Protein chains: 2
Amino acid sequence: MTDPLNVCLEKKPRFDQPGSLSSVGWTRPQRVQLAARGNPLPLDCGAELNPVTVEYETYGELSPARDNAIFILHALSGDAHAAGWDAEWEVFKRPWRKNRPGWWDDTIGPGKTFDTNRYYVICANILGSCYGTTGPWDVNPVNGEPYGLDFPVVTVEDWVRLHVRLQNHLGIDKIFALVGGSLGGQQALAWARDYPDRVGAAVIMASAARLGSQGLAFNAVGRHAIMKDPNFREGRYYGLEAPAGGLELARMLGHITYLSYESMEGKFGRSFQYGSKPCYRLGNEFSVESYLEHQGRAFSNRFDANSYLYLTRAMDYFDAAAGYNGDLVAACRGIEAKMLLLSYSSDWLYPPGATAELAGALCSAGVDTAYHEIPSQYGHDAFLLESETTAPLISSFLDQASQRG
Amino acid sequence: MTDPLNVCLEKKPRFDQPGSLSSVGWTRPQRVQLAARGNPLPLDCGAELNPVTVEYETYGELSPARDNAIFILHALSGDAHAAGWDAEWEVFKRPWRKNRPGWWDDTIGPGKTFDTNRYYVICANILGSCYGTTGPWDVNPVNGEPYGLDFPVVTVEDWVRLHVRLQNHLGIDKIFALVGGSLGGQQALAWARDYPDRVGAAVIMASAARLGSQGLAFNAVGRHAIMKDPNFREGRYYGLEAPAGGLELARMLGHITYLSYESMEGKFGRSFQYGSKPCYRLGNEFSVESYLEHQGRAFSNRFDANSYLYLTRAMDYFDAAAGYNGDLVAACRGIEAKMLLLSYSSDWLYPPGATAELAGALCSAGVDTAYHEIPSQYGHDAFLLESETTAPLISSFLDQASQRG
């Protein structure tokens with residue numbers, strides 16, 4: 001969920017320079033067309049989509065037995081560039097990648113948690129996003145115009161359906177492990193549920209079987225902000241001024257939900273932006289206001305407002321038990337993957353209780369499941385910030401999964 | 001904070017009809033000018049304001065000894081109409097009052113917690129609001145135009161300074177008890193601190209010495225929404241279309257913070273607005289979305305966007321210890337009033353820990369203080385919804401205060 005590029009909390013991931021022995025070095029995005037006329041991608045909403053292109057990156061080498069693939073599933077605002085330094089940031093006009101490695105660089109690389117000396121690591125941008133995989137700003141072949149709101153509503157299950165095509169394309173019968181936080185964790189869950197024989201293990205972090213009512217409400221307010229922006233124009237703003245103000249607002253709000261009460265108190269408290277006394281004005285006065293505004297602005301420079309609508313809607317719709325009359329245990333029953341679930345004590349978007357509920361259902365369904373609640377003050381963002389804390393847990397889980405494989 | 005007129009949770013206050021023995025019956029707002037040329041109201045920001053009118057209501061009779069006054073302090077979106085049925089809703093164009101009693105009618109009236117057979121109950125609209133007390137939509141005598149953003153930034157302490165003038169106007173040397181929830185509780189605290197000999201007791205509910213960083217952040221997003229609305233026009237929208245969309249958004253967001261995770265799960269969960277299956281669309285789909293939109297719209301029909309900016313800013317600025325080098329115990333030391341503090345377990349805007357911190361400081365300062373955390377699922381709204389639960393606590397506190405008086 002978080003924009004890990006802009007995490008401002010004290011705890012910042014260490015940057016490995018591209019030449020470092022523990023960095024995957026310079027990376028290049030790859031693109032592949034995975035749906036075309038005659039082979040469209042069927043969607044949950046009933047529509048079919050073609051063509052569909054997927055942007056992905058890989059790090060490390062696929063083993064001769066093709067059994068060492070770890071598929072990293074990004075969250076709402078993420079992309080395929082999970083590790084290393086993008087050698088083509090200029091080609092694709094992604095200046096925000098210029099001075100920063102991929103969003104999970106501190107966990108992916110030689111000797112790291114997802115050790116590229118050992119594993120073949122894949123990360124792909126999701127359908128409806130704006131980082132190389134087909135989404136609302138791409139051209140609708142029907143009329144040669146950008147889709148805008150004519151893009152069909154997509155679901156987490158649609159993302160999985162597409163990613164399985166990528167899995168096939170890469171010739172990987174069974175993914176060794178899926179790994180995802182937040183919305184990425186929900187993809188992992190759906191994948192393990194819908195394609196049980198294609199997944200060996202799954203690590204699900206800061207996630208749950210569904211988003212709570214409060215989370216639905218925050219998403220709704222964010223979408224309202226975008227759709228009420230006068231530049232929104234029913235989603236037909238491409239080539240015109242974008243609804244940046246609305247997207248900024250949605251991001252400011254989202255950001256609050258990714259942090260925690262404690263972490264905000266610790267980082268910002270009630271400190272003033274300038275000096276130690278109030279200036280008695282309505283504009284930004286407290287540090288936290290300026291911080292949020294900065295985050296919102298940075299995000300609106302790198303994300304598409306329509307994508308934000310589609311991806312938050314997919315987040316809303318996901319309910320692992322929906323196709324099972326609401327019976328979560330029944331939904332989990334077919335899962336063959338070994339599961340590791342991690343929640344974070346101060347996460348209030350996917351609170352520990354919701355992760356624990358999923359862990360309980362998995363256990364009841366007889367799925368090989370481990371669950372840990374990690375004490376953390378970093379809220380939902382913790383899945384990106386507590387890498388050091390969770391590394392031993394994840395490493396030993398992967399070791400065991402490969403032994404028991 | 002809440003719009004108690006629109007509380008949708010299952011727990012609704014019972015309506016006493018105007019003819020009921022336990023109702024204060026038909027009420028009429030009163031207005032008095034409390035600052036004029038030659039006697040302006042000095043403000044914390046350094047400006048002075050005149051004229052200043054205050055709208056207030058009273059229920060019950062002031063005793064011959066003038067020692068039975070209870071001053072009710074409303075929160076962000078409240079008004080002076082705390083009890084009974086407004087006989088002049090048409091005169092002042094307040095249609096939302098037509099079929100509903102005042103916002104705290106279930107606690108104020110003959111035989112109720114604030115028993116009008118015994119107490120003289122006063123409630124006044126705060127400075128900067130839009131319900132009869134001077135605010136940004138009133139005419140600036142300097143240019144004959146509505147103030148808009150030329151209205152000075154006001155603080156909780158300014159409200160108190162004005163209300164003490166009302167206290168003088170009513171000839172009440174010492175208020176028997178101040179009672180306020182949320183921002184109203186902060187007024188009570190400031191009043192007891194700044195005018196110790198004018199206050200006998202104070203009941204502070206769902207409140208604290210200051211708002212946390214997360215609360216500042218939510219307020220900032222709400223103000224952004226208003227100020228980015230194209231109809232905002234730097235606050236000069238009077239007589240034109242109001243920035244209703246921005247105010248709606250701010251209110252939707254605010255509303256989430258007044259509820260709790262549990263109460264939203266219980267009331268809305270993930271239920272769909274229509275039917276039991278997704279319609280696969282970006283517009284309202286879940287009940288909670290429609291509810292929030294309804295709340296936002298109702299609010300924007302009855303509240304002024306500029307007032308929202310000013311009142312949330314006052315909420316931000318309030319820090320009981322600010323004038324005491326951050327030393328809350330020092331701030332409390334002069335308080336002579338007996339204090340009753342109530343927090344609500346699921347309130348995350350002013351969480352119990354923050355109320356407890358204030359209670360601790362009061363105790364350390366030697367102030368006669370009682371503190372209770374009320375178990376409740378209703379979040380911040382609980383101070384309006386748990387009236388039955390808290391009635392015995394408040395009644396016995398008032399009884400003791402009058403005996404020890």
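User: Two strands pair if DSSP finds at least two bridges between them. Which residue of β10(B) is the bridge partner of B:F71?

Analyst: This is a predicted model: local features need pLDDT of at least 70, side-chain atom pairs need 80 or more, and totals for chains, interfaces and linings use all residues. Residues count from 1 along each chain as its sequence is written, chains are lettered from A and ligands numbered from 1 in written order. The partner of B:F71 is B:I122.

User: Which strands of the open chain B sheet stand at the edges?

Analyst: The sheet is mixed, with eight strands ordered β2-β5-β10-β6-β13-β14-β15-β16. An edge strand has a single partner, so one of its sides lacks a neighbour in the sheet. That picks out β2 (30-35) and β16 (369-374).

User: Is α6(A) parallel or oblique to α3(B)?

Analyst: The axes of α6 (287-300, chain A) and α3 (213-228, chain B) come within 9 Å. They cross at roughly 55°; axes are lines fitted to C-alpha atoms, for helices over the stretch in contact, and angles run from 0 to 180 degrees between N-to-C directions. Under 35 degrees is roughly parallel, over 145 roughly antiparallel, 65 to 115 roughly perpendicular, and the rest oblique. So α6(A) is oblique.

User: Which residues of α3(B) make the contact with α6(A)?

Analyst: Contact means C-beta atoms, placed from the backbone, within 7 Å. From α6(A) come A:V288, A:E289 and A:L292. From α3(B) come B:S213, B:L216, B:A217 and B:A220.

Key: Helices (H or I, at least four residues) and strands (E, at least two) are DSSP runs, numbered from the N terminus. Two residues are in contact if their C-beta atoms, placed from the backbone, lie within 7 Å.
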